[in-house]
Amino acid sequence: MLPTHQKKLRPGKLSQLPPEARAALDARLRGQQDTLEGIAAWLEAEHGVTISPQALSMYYRRRVLPEKWRHMEAIAAELNRVGGEHVAAAAGQAVAQKVFEWATDEQADPKLLATFYKLMLDTQAQQMDARKLAILEAKARQAEEARAALENKVANGGLTPEALALAEEALNLL
């Protein structure tokens, strides 16, 4: 039997690290500037925790990646809120690309993938709804302008009230 400090921890044990160690681990995984092997070596050297790169990968997919995606979603929503339509569309495409890349990973968690795919579809639906609303608002403005023009014609003697009623009915503006 291995001494206690050399036992491999189950992936769930990483969540039992002290908060500052877990925050440092999450930051290293988010930064992607080190390999999983390098991070595993750092964990062992700094915190006395021996863990496999596969367990780190699973921890990344279950804890760090969802946080990254929520952060990206928040940024895309903020950009969309301030009117960065093209930026929001580009961010949505980047998210879709990441979901596709992640889907090709044989170790991807199907539940988590389904969650992010639903988020991606919801974002696309919101963008479509915003475009529909803009079209409807433009049509309403045009209808109001047409109604005002017709009423102006009536006021200036150009159309009779009956002709106005027929025009409104024909244009379905009532």
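This is a predicted model: local features need pLDDT of at least 70, side-chain atom pairs count only at pLDDT 80 or more; totals for chains, interfaces and linings use all residues.
Residues are numbered from 1 along each chain as its sequence is written, and side-chain values use heavy atoms, with hydrogens and water left out.

**View 1. Confidence along the chain.** The predictor's confidence in each residue is pLDDT, which runs from 0 to 100. Its mean for the protein is 79, and 87% of the residues reach 70 or more. Helix α2 has the highest confidence, at a mean of 91, while α4 has the lowest, at 73; helices (H or I, at least four residues) are DSSP runs, numbered from the N terminus. Please take care with residues 1–11, where pLDDT stays under 50. For that stretch the model has 14 contacts beyond four places in sequence, a contact being heavy atoms within 4.5 Å.

View 2. Side chains of opposite charge can pair when their charged atoms come close. The structure holds four salt bridges, each defined as a side-chain nitrogen of Lys or Arg within 4 Å of a carboxyl oxygen of Asp or Glu. Asp 34 is partly exposed at 33% relative accessible area, and Arg 28 is partly exposed at 32%; buried means under 20%, exposed over 50%, and partly exposed in between (1.4 Å probe, protein chains only). Arg 30 and Glu 67 also meet in a salt bridge, at 3.8 Å from N to O. Arg 30 lies in helix α1 and Glu 67 in helix α3, so this pair ties together parts that are 37 residues apart in sequence.

View 3. Asp 122 is partly exposed, at 35% relative accessible area.

**View 4. The largest nonpolar core.** A nonpolar core is a set of buried Ala, Val, Leu, Ile, Met, Phe, Trp, Tyr and Cys residues joined through side-chain atoms within 4.5 Å. The largest one has 26 residues, of which Leu 14, Leu 25, Leu 43 and Leu 56 touch the most other members. Helices α1 (19–31), α2 (36–47), α3 (53–81), α4 (85–103) and α5 (110–155) each supply at least two residues, and α3 gives the most, with seven. Leaving aside neighbours within four places in sequence, the contacts of Leu 43 include Leu 14, Leu 25 and Leu 56.

**View 5. Ser 57 in helix α3.** Ser 57 is found in α3 and counts as buried, at 16% relative accessibility. Not counting residues up to four places away in sequence, Ser 57 touches Leu 36 and Gln 107.

**View 6. The largest cavity.** On a 1 Å grid over the protein atoms alone, a cavity is a set of points where a 1.4 Å probe fits but cannot get out, and lining residues have an atom within 4 Å of a point. The structure holds one cavity of 30 Å³ or more. The largest cavity has a volume of about 40 Å³, where volume is the space filled by probe spheres set on the points, with grid points joined across faces, edges and corners. Trp 69, Met 72, Glu 73, Val 95, Phe 116 and Leu 119 form its lining. Helix α3 gives the most to this lining, with three residues.

How values were computed:
On a 1 Å grid over the protein atoms alone, a cavity is a set of points where a 1.4 Å probe fits but cannot get out, and a pocket is an open set with protein on both sides within 12 Å along at least five of seven lines; lining residues have an atom within 4 Å of a point.
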